[in-house]
Each structure stands twice: as C-alpha cells, then as structure tokens.
Amino acid sequence: MEDLKAYIETGILELYVLGDVTPDEKRQVEEMASKHPEVKAELDEIELSMELYAKENAVEPSEDLRGRILGSLLTNFGDDRNFTAAPPHNESDTYEEEEEEQGNAIVAMPVRKESNFYKYAFAASLALLIASAVAIFNLNNKLQDSNSQLIALQQSKQQFANQVNLMDKELTVFRDTSYKLIRLKGTPKNPASAITLAFSPGKKKVVLDIADMKMAQNDKAHQYQLWALVGGKPVDLGVFDSASDTTASIKEMKSIASADAFAVTLEPRGGSVNPTLDQMVVIGKY
Amino acid sequence: MSKKRKISLSEDELVLSLRNHEKVAIEALYDMYSSSLFGVISRIVVDTAIAEDILQETFVKIWHSFSSYSTEKGRLFTWMVNIARNLAIDKIRSKDFKNQNKNQEIENNVAFIDEQRNTVYKPELMGVKDLVQTLKPDQKSIIDLVYFKGYTHVEAAEELGIPLGTIKTRLRMGIQELRKHFN
C-alpha cells in the first residue's frame with residue numbers, strides 16, 4: 001500500500017496523462033493501473049481534471065471548420081462502411097506500436113497523394129510533350145509538302161504565262177501581214193525534213209515554226225544552224241535543237257534585213273562560222 | 001442557415017457508436033471535444049490556419065485509428081488530446097514549418113500566446129479566473145508549458161531553471177489543485 005502511494009507521489013501518473021512519458025514508463029503505468037484499482041482511480045481523477053482544465057481553456061474553432069472537418073471524415077465514411085473489415089484491434093499489441101502504425105498510415109496518405117499527383121502531372125506533361133513533338137513533326141512535313149506544291153504551282157503558272165506570251169507572239173507573227181511564210185524543204189539527202197519560217201524584211205525579223213518542224217533528232221554534239229543567203233553569202237541566224245522545249249512553238253532567230261534564201265545545216269553544237277554545206281538539211285527561197 | 005444544434009452523448013455511448021462507425025458519432029465527437037482540442041492545439045501552433053489544419057488531422061487520425069483506443073487505457077479525451085498535441089508538436093518541430101518561419105522561438109511565445117489567447121477567452125469560461133487564483137503561478141506555468149506548449153517536463157525544467165524533481169512535484173501539486181477546484 002505504501003509502495004503504491006509512493007508510486008503515485010512520484011508524479012509519473014501526471015506525466016502519463018500529459019503524454020510526457022517514455023514507452024517503457026507508459027507500459028509500466030498501464031500495468032500498474034490494471035493491477036491496482038487505487039492507481040486506476042488516481043489516474044482517472046487526473047485525467048478528468050486535465051480534461052476539465054482543457055475545457056476551461058477551450059478555444060472555439062471557426063464555424064466553417066466544423067463542416068470542413070466533418071465533410072472530410074464523412075467523405076471517407078462511405079469507404080469505411082464498405083470495408084467493414086477495419087483493422088481488428090489486437091489487445092496484445094502495445095499502444096505505441098499501434099498508434100505509430102496507424103499514425104504512419106494516416107500521415108503518409110496526403111504525402112503519397114501529393115507525390116502521386118506530381119508523378120501523374122509529370123507523366124501527363126511528358127505525354128503532352130511527345131504528342132506535341134509528333135504533331136509538330138507531322139505539321140512540318142505537311143508544310144514542306146505544301147511548300148513544294150506551291151513552288152510547283154508557281155512554276156507551272158510561270159510556264160503557262162510564258163506559253164501565253166509565246167502564243168501572243170505567234171499570233172502577232174501570223175496576223176502581221178509584213179511576214180512572209182517560207183517553207184524550207186528537204187535536200188535530196190534529207191527528203192523528209194521540212195521547216196517553216198516567217199520573215200519580215202521590214203521588221204528585220206526571222207521566226208522559226210518550231211512546233212511544226214520535221215527534222216531528224218540531233219544528238220548532243222550537234223545543233224541545227226539557220227543561215228540566210230544574202231548575195232550568195234551565208235549569214236548566221238542562230239542555232240536550234242530539233243527537240244526543243246515544248247513551251248516554245250516558235251523561235252525568234254537573229255535579225256536580218258534581206259535574204260535571198262534560207263537554209264539549215266547540221267553543225268557542231270554552238271554553231272559554226274561557215275556552214276558545212278554537205279550537212280545541209282533543208283533549204284527554201286524567199 | 002441557423003447554427004446546428006450541438007450533439008452530445010455520454011462517453012460510453014460515444015465510444016460505442018464510434019466503434020460502430022456511426023455518422024452521428026463523429027458529429028458528437030466534434031461538438032463535444034473540438035473546442036477543447038483546439039484550445040490545446042492553438043496554444044502550441046499560433047497560426048490559426050495551421051492550427052485548424054492540425055485539428056482536422058487530429059480528427060482524421062482519431063477516426064482512422066479509433067480501433068487502437070480502449071477504455072481500459074483511460075479517458076477518451078486523454079487519448080485524443082495526446083494525438084492532437086503530438087500532431088501539433090510534430091508540426092512546429094518539422095523542418096518546413098521552421099523554414100516558413102511562421103513560428104516564433106517557443107521561449108518567446110510563452111508570454112505572447114497567453115496575452116493573445118486571454119483576449120479571446122469566452123465569457124462563459126470566466127471560471128478560469130478563479131482557476132488562476134486557485135493555481136499558484138509557478139504551478140500554472142509548469143502545467144501550461146507541458147500541457148499547452150508541448151514541452152516535456154525535462155525541457156520545462158531547463159526553461160525554468162528548476163530541478164527535475166521540483167518540476168514533477170509542482171506539476172503534481174498543480175494538478176491536485178485543479179482536482180480540488182473541479183470537485
């Protein structure tokens with residue numbers, strides 16, 4: 001009995017109630033309380049007075065907080081109901097261990113939530129980044145396609161414009177009464193060849209009808225050369241190819257004021273100063 | 001909306017219904033104990049917003065670890081107030097809280113908090129005045145340091161420059177006075 005009184009008077013019970021004891025001391029106090037009703041009674045008294053002391057010092061939390069806290073508890077409430085298997089309380093477990101375990105579980109929750117959030121946010125950002133990169137790559141490809149189409153369109157537009165210009169010229173040639181059409185016919189060596197040119201002495205212009213010529217294909221080393229015979233002498237009027245670019249249907253040659261006849265010879269590419277007469281393909285008089 | 005009527009149950013009823021995870025139990029628990037717990041928490045953590053967070057954490061923890069409470073271990077409030085106090089102390093000792101610099105040095109806080117809180121004491125708690133007269137200042141200061149400021153009695157001894165044995169004696173005497181007062 002004396003021992004118990006001494007034990008009570010050490011003040012350990014007060015410290016126990018204040019939560020200011022080591023786990024060992026805690027276990028000891030709980031053991032004493034369960035063995036000795038006097039200790040238990042003393043403990044109850046101390047607890048009650050501290051509880052009342054806390055009540056005297058109570059601070060009313062804000063009205064909003066009630067809803068917030070109850071809300072957060074009741075949100076989990078449904079879950080708890082569904083999982084009625086709340087961790088069964090094992091009496092042999094020590095208070096500290098269990099509290100610590102529970103405490104850890106609860107404290108860990110928001111932390112885990114947060115790290116999960118960042119994890120997901122990071123994953124989402126990464127996915128977004130990859131998706132964006134793919135999208136940019138695709139768009140870039142499309143842009144390049146569009147650009148090359150645009151260039152092609154511009155080129156063909158230019159081609160058409162050129163063609164229209166040429167056709168205009170062609171038309172002028174045909175409309176202009178000062179032009180005379182001269183048909184150059186194949187020499188005995190090249191009976192199939194023929195070409196037509198238009199000559200305007202007044203305008204000093206010579207225009208070849210490329211579209212309608214019938215000339216053998218010249219190779220890369222040779223070109224046809226047009227000559228004007230003026231007073232028996234050949235005058236160079238420029239070179240041309242049999243397979244000329246399709247856009248040009250007529251070709252304007254060098255200018256000359258007068259000519260007795262026109263002839264075409266096959267010359268080395270770029271033309272010659274004097275015609276190679278045995279390579280004459282067509283000839284026609286004015 | 002009119003203020004909701006506060007729910008009150010006997011401690012045995014409360015414990016039983018908490019065990020059964022009844023909705024009314026949480027509400028009763030909150031209505032019966034939130035202000036007492038908040039009184040303790042808000043004396044340890046001065047910042048009201050943080051104190052409110054800790055009150056919430058406290059109720060969450062009470063709710064989730066209720067299975068670890070047993071009436072044999074003592075009164076429900078003792079168990080709950082220890083949870084609240086530990087959460088509050090963990091908070092003010094945590095690194096991020098210190099970095100936030102929201103707390104002041106605990107030593108400087110003792111007087112500061114009392115000044116601050118005295119102004120919000122409710123009229124219905126006028127009994128506290130008698131209590132202050134009942135308790136000798138040296139007893140009160142020790143009880144408050146340990147109960148409301150989160151000191152261990154060892155820290156309180158250092159803080160007050162009093163031998164450990166004296167601290168324990170005064171603590172006991174102070175609580176004896178409280179017992180007398182409440183009886």
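This is a predicted model: local features need pLDDT of at least 70, side-chain atom pairs count only at pLDDT 80 or more; totals for chains, interfaces and linings use all residues.

Reader: What pattern does chain A follow along the sequence?
Author: Chain A has 6 helices and 8 strands. Read along the sequence, the pattern is α-α-α-α-α-α-β-β-β-β-β-β-β-β.

Reader: What percentage of the residues of chain B count as buried?
Author: The cut-off is 20 or more other C-beta atoms within 10 Å. Chain A has 286 residues, and 23% of them count as buried. Chain B has 183 residues, and the buried part is 38%.

Reader: Among contacts in chain A between residues at least 6 apart in sequence, what percentage join residues at least 24 apart?
Author: A contact here needs C-beta atoms within 7 Å. In chain B, residues 24 or more positions apart account for 59% of the contacts with a separation of 6 or more. For chain A, the share joining residues at least 24 apart is 59%.

Reader: How many residues of chain B are in contact with chain A?
Author: Chain A brings 47 residues to the contact. On the chain B side the count is 50.

Reader: Which element gives the largest share of the side of chain A that touches chain B?
Author: The elements of chain A that give two or more residues to this side are α2 (12-17), α3 (23-35), α4 (37-56), α5 (63-82) and α6 (95-175). By class, the side divides into 23 nonpolar, 9 polar and 15 charged residues. The largest share is 13 residues, and it comes from α4(A).

Reader: Against which elements do the buried residues of α10(B) pack?
Author: Helix α10 of chain B covers residues 164-182. Its buried residues are Ile167(B), Arg170(B), Leu171(B), Arg172(B), Gly174(B), Ile175(B) and Leu178(B). They pack against elements of both chains: α2 and α4 of chain A, together with α8 (137-148) and α9 (153-160) of chain B.

Reader: How far does α10(B) reach from its first C-alpha to its last?
Author: The helix has 19 residues. At 1.5 Å a residue, 27 Å is expected. The model comes close to that, with a reach of 27 Å.

Reader: Is α9(B) roughly parallel or roughly perpendicular to α10(B)?
Author: The two helices pack at an angle of about 110°, with their axes 9 Å apart. Angles of 65 to 115 degrees count as roughly perpendicular. Therefore α9(B) is, relative to α10(B), roughly perpendicular.

Reader: Which residues of α10(B) make the contact with α9(B)?
Author: From α9(B), the contact uses His153(B), Val154(B), Ala156(B) and Ala157(B). By class, the contact of α9(B) with α10(B) has 6 nonpolar, 1 polar and 1 charged residues. The residues from α10(B) are Leu164(B), Ile167(B), Lys168(B) and Leu171(B).

Reader: What is the handedness of the crossing of α2(B) and α4(B)?
Author: Helices α2 (residues 23-44) and α4 (residues 76-93) of chain B pack at an angle of about 30°, with their axes 9 Å apart. That makes α2(B) roughly parallel to α4(B). Their crossing is right-handed.

Reader: How many nonpolar residues are in the contact of α2(B) with α4(B)?
Author: α2(B) brings Tyr33(B), Ser36(B), Leu37(B), Val40(B), Ile41(B) and Ile44(B). They meet residues of α4(B), including Phe77(B), Met80(B), Arg85(B) and Ile92(B). The contact has 1 polar and 1 charged residue, and its nonpolar count is 12.

Reader: Is Val24(B) buried or partly exposed?
Author: Val24(B) lies in helix α2 of chain B. Its C-alpha atom is separated by 9.0 Å from that of Leu14(B), 10 residues apart along the chain. Because it has 13 C-beta neighbours inside 10 Å, Val24(B) counts as partly exposed.

Reader: What is phi of Lys204(A)?
Author: Lys204(A) lies in the loop between β2 (194-200) and β3 (205-209) of chain A. It is exposed, because it has 12 other C-beta atoms within 10 Å. Its phi is positive in a residue other than glycine, with a value near 55°.

Methods. Residues are numbered from 1 along each chain as its sequence is written. Chains are lettered from A and ligands numbered from 1 in the order in which they are written. Two residues are in contact if their C-beta atoms, placed from the backbone, lie within 7 Å. Helices (H or I, at least four residues) and strands (E, at least two) are DSSP runs, numbered from the N terminus. Ala, Val, Leu, Ile, Met, Phe, Trp, Tyr, Cys and Pro count as nonpolar, Asp, Glu, Lys and Arg as charged, and the others, Gly among them, as polar. The expected span of a helix is 1.5 Å times one less than its number of residues. Axes are lines fitted to C-alpha atoms, for helices over the stretch in contact, and angles run from 0 to 180 degrees between N-to-C directions. Angles under 35 degrees count as roughly parallel, over 145 as roughly antiparallel, 65 to 115 as roughly perpendicular and the rest as oblique. A crossing is left-handed if the near helix is turned anticlockwise from the far one by less than a right angle, and right-handed if clockwise.
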